[in-house]
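Subject: Structure handover

Hello,

The structure we spoke about is below. My notes on it follow.

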Amino acid sequence: MALINELGWLDATAQAELVRTKEVKPIELVDAAIERIESVNPAINAVIRPMYDLARAAAKRPLADGALAGPFAGVPYLLKDLLAAYAGVEMNSGSALLRDFVPDYDSELVVRLKRAGLIVVGKTNTPEFGIVPTTEPALFGPSRNPWDTTRTTGGSSGGSAAAVAAGMVPMAHANDGGGSIRIPASCCGLFGLKPTRARNPLGPDFGDMFSGMICEHAVTRSVRDSAALLDATSGPDVGDPYWAPPPARPFLQEVGADAGRLRIAFTTTAPTGVPLHPDCIAAVLDAAALCVDLGHDVVEAAPPTNGDAITESFMCLWSAGCAWTIDGAAYLTKTPATQDKLEPLTWALYQMGRQQTGAGYLAAVQSLQAISRGVARFFVDYDVWLNPTLAEPPIPLGSFDSPPENPMAGMMRAAAFVPFTPLCNMTGQPAMSVPLFWSKEGLPIGTHFVGRFGDEATLFRLAAQLEAARPWASRRPGTKC
């Protein structure tokens with residue numbers, strides 16, 4: 001038990017090093033992760049589909065085998081049950097509409113994860129089609145925050161974040177359309193980087209999703225894991241419609257590199273004008289002071305934004321994307337999308353999306369592109385923009401419930417909870433939630449740092465500084481986890 005618990009709290013880089021030096025075998029890492037999942041998951045409900053037999057078979061292959069020759073050879077990993085297709089394994093996307101759907105291929109991201117040597121031990125919980133910033137699908141039930149099991153894990157990558165925070169695996173797959181990497185990273189006390197638009201592939205099914213708002217990566221315990229994983233998975237796929245500017249050197253080389261004297265702007269005012277919890281404001285001010293201590297120039301400033309235009313344009317793309325997603329799921333399963341197969345909010349958003357016009361959609365894209373140009377001009381003068389990841393600490397489970405008589409209640413609550421993160425999906429810029437602050441109640445509160453388009457390098461350099469100055473990996477949830 002002591003070995004299992006100790007392995008569970010090492011980051012992926014450290015676990016891979018144990019395999020390389022032959023101190024630990026891949027099967028031992030996998031078995032330790034499985035035992036940890038079996039012990040903790042009943043209280044957390046992060047893993048909704050174990051893949052133990054597949055994982056053990058992969059772990060028993062010789063290390064010289066190509067499947068176990070990458071930078072994370074033998075390290076256990078979890079896939080979010082959304083977008084990342086794994087051949088022969090059911091993928092529901094949190095919805096009864098996709099019950100029993102089994103893809104017969106690996107997505108390109110999964111191909112690259114396997115090439116990196118990662119061993120997938122299971123799939124994690126997600127809200128229905130990843131729509132809301134919590135992980136409480138009717139199909140599988142709520143995931144619970146390891147720091148307080150009455151609180152949300154965030155979403156839509158909440159199952160992955162809860163699993164990593166609880167020590168099941170050192171990092172896990174996540175994707176982000178409006179903050180779905182950074183929101184759960186904030187709620188669960190993890191490092192969560194949303195890469196630049198098109199940094200990671202979405203193929204073979206998609207070249208682009210929601211006009212570029214959706215991207216793939218992970219939630220991790222350490223900065224170096226996030227950087228090394230991005231090195232392993234990034235780069236265009238064959239036939240991609242566009243791709244991110246190539247980095248000057250591997251992202252892992254940025255971790256620990258000199259960040260120079262950065263020009264950092266900070267704000268404690270939401271673009272949409274929603275009020276911010278005092279703890280979230282305190283987290284930003286604390287991070288700003290820390291950046292000053294690290295030798296950076298920090299001033300209060302924010303890019304010009306129009307909250308109403310952001311909300312209106314985002315909802316046009318989000319609802320149209322929801323309708324497109326559901327129609328696609330219905331086509332895959334040859335099952336009509338009917339109200340009884342979808343949650344009330346999903347059905348309402350589906351109906352809204354089907355009412356959007358092509359002209360209205362293009363107008364929304366134009367609006368977001370205009371906002372993006374304004375934000376880009378702001379980054380001529382500043383290297384990083386610092387703000388709260390969320391407007392509140394992790395809120396109670398059930399806060400996003402959408403009853404049939406008020407099906408859009410969850411979206412309204414989401415707008416108040418998540419006023420900052422969607423902007424970066426609209427602009428395509430990289431952004432990260434960094435676990436620098438905990439409330440007096442012991443709840444993690446992430447701090448949000450936004451970089452220039454294509455410039456993950458600066459974020460990784462800064463993140464490494466912050467991690468060295470304020471180590472967070474030693475913080476663990478209570479004894480129940």
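The second largest cavity has a volume of about 80 Å³. A cavity here is a set of points on a 1 Å grid over the protein atoms alone where a 1.4 Å probe fits but cannot get out, and lining residues have an atom within 4 Å of a point. Grid points are joined across faces, edges and corners, and a volume is the space filled by probe spheres set on the points. The model is predicted: local features need pLDDT of at least 70 and side-chain atom pairs count only at pLDDT 80 or more, while totals for chains, interfaces and linings use all residues. Residues are numbered from 1 along each chain as its sequence is written, and side-chain values use heavy atoms, with hydrogens and water left out.

Cavities

Trp9, Trp147, Val164, Ala165, Cys188, Gly189, Leu190, Arg221, Trp472, Ala473 and Arg475 line the second largest cavity. By class these are 8 nonpolar, 1 polar and 2 charged. Nonpolar covers Ala, Val, Leu, Ile, Met, Phe, Trp, Tyr, Cys and Pro, charged covers Asp, Glu, Lys and Arg, and the others, Gly among them, count as polar.

There are 4 cavities of 30 Å³ or more in the structure. The largest cavity holds about 100 Å³. It is lined by 13 residues, with Ala198, Asn200, Leu202, Gly207 and Ile214 nearest its centre. That lining has 7 nonpolar, 3 polar and 3 charged residues.

Pockets

A pocket is an open set of grid points with protein on both sides within 12 Å along at least five of seven lines. The largest pocket has a volume of about 620 Å³. Its lining counts 32 residues, and Leu82, Leu83, Phe206, Met209 and Thr325 are the closest to its centre. Helices (H or I, at least four residues) and strands (E, at least two) are DSSP runs, numbered from the N terminus. The lining of the largest pocket is made up of 20 nonpolar, 8 polar and 4 charged residues.

The second largest pocket holds about 520 Å³. Of its 30 lining residues, Phe314, Ala414, Ala415, Val418 and Pro422 lie nearest the centre. Two or more residues of this lining come from each of α10, α13 (409-417) and α14 (422-427). Here too the largest share, 7 residues, comes from α10. The lining of the second largest pocket has 21 nonpolar, 8 polar and 1 charged residues.

Cores

A nonpolar core is a set of buried Ala, Val, Leu, Ile, Met, Phe, Trp, Tyr and Cys residues joined through side-chain atoms within 4.5 Å. Buried means under 20% relative accessible area (1.4 Å probe, protein chains only). The largest core has 60 residues, and Met168, Phe191, Val219, Met432, Phe449 and Leu462 touch the most other members. Helix α3 (residues 26-44) gives the largest share of this core, 7 residues. Apart from it lies another core of 49 residues, among them Leu317, Ala323, Leu349 and Ala364.

For Val219, contacts (heavy atoms within 4.5 Å) beyond four places in sequence include Ser160, Ala161, Val164, Leu190 and Phe191.

In α6 (158-165), 8 of the 8 residues are buried. These buried residues pack against α3, β2 (76-80), β3, β4, α7 (182-188) and β6 (215-220). Gly167 follows α6 and has a positive phi, near 80°.

Helix α15 (residues 456-469) has 14 residues and spans 20 Å from its first C-alpha to its last, close to the 20 Å expected at 1.5 Å a residue. The expected span is 1.5 Å times one less than the number of residues. Because 11 of its 14 residues are buried, α15 is largely enclosed by the rest of the structure. The buried residues of α15 include Glu456, Arg461 and Glu467.

Two single residues

Thr153 sits in the loop between β3 (119-124) and α6. It is buried, with a relative accessible area of 0%. Leaving aside neighbours within four places in sequence, Thr153 is in contact with Thr135, Ser143, Arg144, Asn145, Gly158, Ala162, Pro184, Cys187 and Cys188.

Leu109 is in helix α5 (residues 108-115) and is buried at a relative accessible area of 3%. Not counting residues up to four places away, it touches His173, Asn200, Pro201, Gly203, Glu216 and Thr233.

Regards

Note on methods: Buried < 20%, exposed > 50% of the residue type's maximum accessible area, 1.4 Å probe, protein only.
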